[in-house]
Amino acid sequence: MVDITLISGSTLGSAEYVAEHIADQLETEGYAANVLHGPDLEALPLSGIWLMVTSTHGAGELPENLQPLFEQIKQQRPDLSQVSFGAIGIGSSEYDTFCRAIDTVDRDLIAFGAKRIGDILRIDITQHEIPEDPAGVWAQEWIKLLK
């Protein structure tokens, strides 16, 4: 059984709900899913599959609970070449910084050797009141890429 680490960065809780929803889907498909909300680098496996789920905060920044992780990544410069990851961003297209945090996550993980699986999902809360819905549809396709 493959372990998947879901990492959420959230200000108001939407990313946490999405991560937990997808964890349930993964477990239904036979995967072991570990959900971590704003973890430290030392809590993460430096190999395997990560699924990053983050909202965008302020003027395009990472949420406060995810900022320390990415500061640690930049300072410690871990080898992430054994990590593959999926990426889901949540934001509002009313702002010109729409889903900029997931773009930062994607860029930083790739810079340290991680490889993205599939396309980034950008959920626009002006179009989807319940972000778990489009995330669930995306996750069904993403899970197929894991097999």
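Mentor: UniProt positions are given here in the numbering used for this chain, feature names are shortened, and annotations may be inferred rather than shown by experiment. With that caution, the unreviewed UniProt entry places the feature "domain: Flavodoxin-like" at residues 4–143. This is a predicted model, in which local features need pLDDT of at least 70 and side-chain atom pairs count only at pLDDT 80 or more, while totals for chains, interfaces and linings use all residues. Residues are numbered from 1 along each chain as its sequence is written, and side-chain values use heavy atoms, with hydrogens and water left out.

Trainee: Which pattern does the protein chain follow along the sequence?

Mentor: Helices (H or I, at least four residues) and strands (E, at least two) are DSSP runs, numbered from the N terminus. On that basis the protein chain has four helices and six strands, arranged along the sequence as β-α-β-β-α-β-α-β-β-α. Within residues 4–143, the span is 35% helix and 25% strand, and its end C-alpha atoms lie 11 Å apart.

Trainee: Which residues of α1 are buried?

Mentor: Buried means under 20% relative accessible area, exposed over 50%, and partly exposed in between, using a 1.4 Å probe and protein chains only. In α1, the buried residues are Ala-15, Val-18, Ala-19, Ile-22, Ala-23, Gln-25 and Leu-26. Seen down the axis of α1, they fall within an arc of 160° and so line one face of the helix, the arc being that of the directions from the helix axis to the C-beta atoms.

Trainee: What covers the buried residues of α1?

Mentor: Contact means heavy atoms within 4.5 Å, and the cover of these α1 residues includes strands β1 (3–9), β2 (32–37), β3 (48–55) and β4 (83–91) together with helix α4 (132–146). Just after α1, Gly-30 takes a positive phi of about 95°.

Trainee: How many aromatic pairs does a search of the whole structure find?

Mentor: A pair of aromatic rings is described by the distance of the centres and the angle of the planes. Rings of Phe, Tyr and Trp (its six-membered ring) pair if their centres lie within 6.5 Å, and planes under 30 degrees apart count as stacked, over 60 as edge-to-face and the rest as tilted. The search finds one aromatic pair: the rings of Trp-138 and Trp-142 have centres 5.6 Å apart and planes at 15°, so the pair is stacked. Trp-138 counts as buried at 14% relative accessibility, and Trp-142 counts as buried at 2%.
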